[in-house]
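Visitor: I would like to learn how to read this structure. Where shall we begin?

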Amino acid sequence: MSQFIPFILVSGLVSFTSTPLVRRLAQRVNFVDNPQARKLHLTPMPMLGGLAIYLGLMASVVLTQQQSSYTKLLGIVLGATVMTLVGLWDDRTELSPALKMLGQLIAAGIVIATGTHTQLFGIRALDYALTAFWIIGIVNAMNFQDNMDGLAAGLATVASGFFFILAVLEGLAIEAGLAAALLGASIGFLYYNFSPASLFMGDAGSMLLGFTLAVLGVNLKFARPLAVTWMIPIIILGVPIFDTTLVVISRLRRGIHVYQGGKDHTSHRLVSVLGMSSARSVMSLYLAAGALGLLAIMLRDATVLQARLILVGLAAAFVGALVYLEVKFSRGATSPQPTD
């Protein structure tokens, strides 16, 4: 594990030192997020934080010297670059959902073409389709998490940490290096983004985080049977998956466009339904992500029966929490007030 410490240090240092620079640049070119009714901040906030995360991630990825996986690594770098550029474009001009989705599909297509795809079905077309669905789904799930100070960056830190541990345990060098790079970049940025944030990551950052985490989930391979391990990436990313499911179902039920922003995410509902502060809501979701990550590590050594029992228990908890938060929210819980 010690050979990957430089990955964390380099990405963390680059992200940490470049964040104040991109914040200054954002202020100079007026690249800011202005207050709106659906947002919590009350003053214009510099963006471009995603650029600092990208710089940290790329600075560390170049340390990876796995020649046998050079094509796959190049595909990941190109896909991440496309995703960041699409995010920056969206942050500046607010792309239509269709154009934004097209950019995500292009990034997914790049990594698929260079060897990153699932092997669940054994039928190339189905595996490619599942991979694209997974990548686009996680990209948008992490994009949804960028709704409170420190939430998206913190969840990415927790998830990349668990992906790193599992990649090391399975002897996956390129995946461990990528996870370590993302871990450092997320931590370096989180210092400035935790409440009260001094800048935002924007879609460039949240989509980059989602893309990289999705790729890690696809590339993670285990010695144990697929019947046990297929759910591990899903569990590690359980918090953003839960929130996305909750928000999509809730908005469809209320006749609201899915891509319309609002204060109806899990983090907001913990404030309005349970009376938490914004900071406590974010920390609670960190803890939930950490608990799911530990459970995912336990699954690595579980039997098929144990894995199925865990899956049933998680599914029940998933549905129960979803119904509870939606029912409480629909009964008129007070919308969360800006506290960040």
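Guide: Begin with contact, which means heavy atoms within 4.5 Å. Val86 touches Leu95, Lys100, Gly103 and Met207, leaving out residues up to four places away in sequence. This is a predicted model, in which local features need pLDDT of at least 70, side-chain atom pairs count only at pLDDT 80 or more, and totals for chains, interfaces and linings use all residues. Residues are numbered from 1 along each chain as its sequence is written, and side-chain values use heavy atoms, with hydrogens and water left out.

Visitor: Is Val86 buried or exposed?

Guide: Buried means under 20% relative accessible area, exposed over 50%, and partly exposed in between (1.4 Å probe, protein chains only). Val86 has a relative accessible area of 10%, so Val86 is buried.

Visitor: In which helix does Val86 lie?

Guide: Helices are DSSP runs (H or I, at least four residues) and strands are too (E, at least two), numbered from the N terminus. Val86 lies in helix 3, residues 70-93. Sequence and space can also be set side by side. Val86 and Ile136 are 50 residues apart in sequence and 13 Å apart in space, C-alpha to C-alpha.

Visitor: What is a nonpolar core?

Guide: It is a set of buried Ala, Val, Leu, Ile, Met, Phe, Trp, Tyr and Cys residues joined through side-chain atoms within 4.5 Å. The largest one here has 88 residues. Leu57 and Leu213 are among those with the most contacts inside it. Helix 6 (residues 151-169) gives the most to this core, with twelve residues. Beyond its neighbours within four places in sequence, Leu213 is in contact with residues including Met142, Phe163, Leu182 and Leu237.

Visitor: How do I check the span of a helix?

Guide: The expected span is 1.5 Å times one less than the number of residues. Helix 11 (residues 238-253) has 16 residues and reaches 22 Å from first C-alpha to last, close to the 22 Å expected. Its buried residues include Phe242, Leu246 and Arg251. Helix 5 (124-145) and helix 13 (278-299) are among the elements covering the buried residues of helix 11.

Visitor: Which residues other than glycine have a positive phi?

Guide: Leu48 is one, with phi near 75°. Leu48 is in the loop between strand 2 (45-46) and helix 2, and is buried at 7% relative accessible area. Glu94 is another, at about 55°. Glu94 is in the loop between helix 3 and helix 4 (97-113), and is exposed at 62% relative accessibility.
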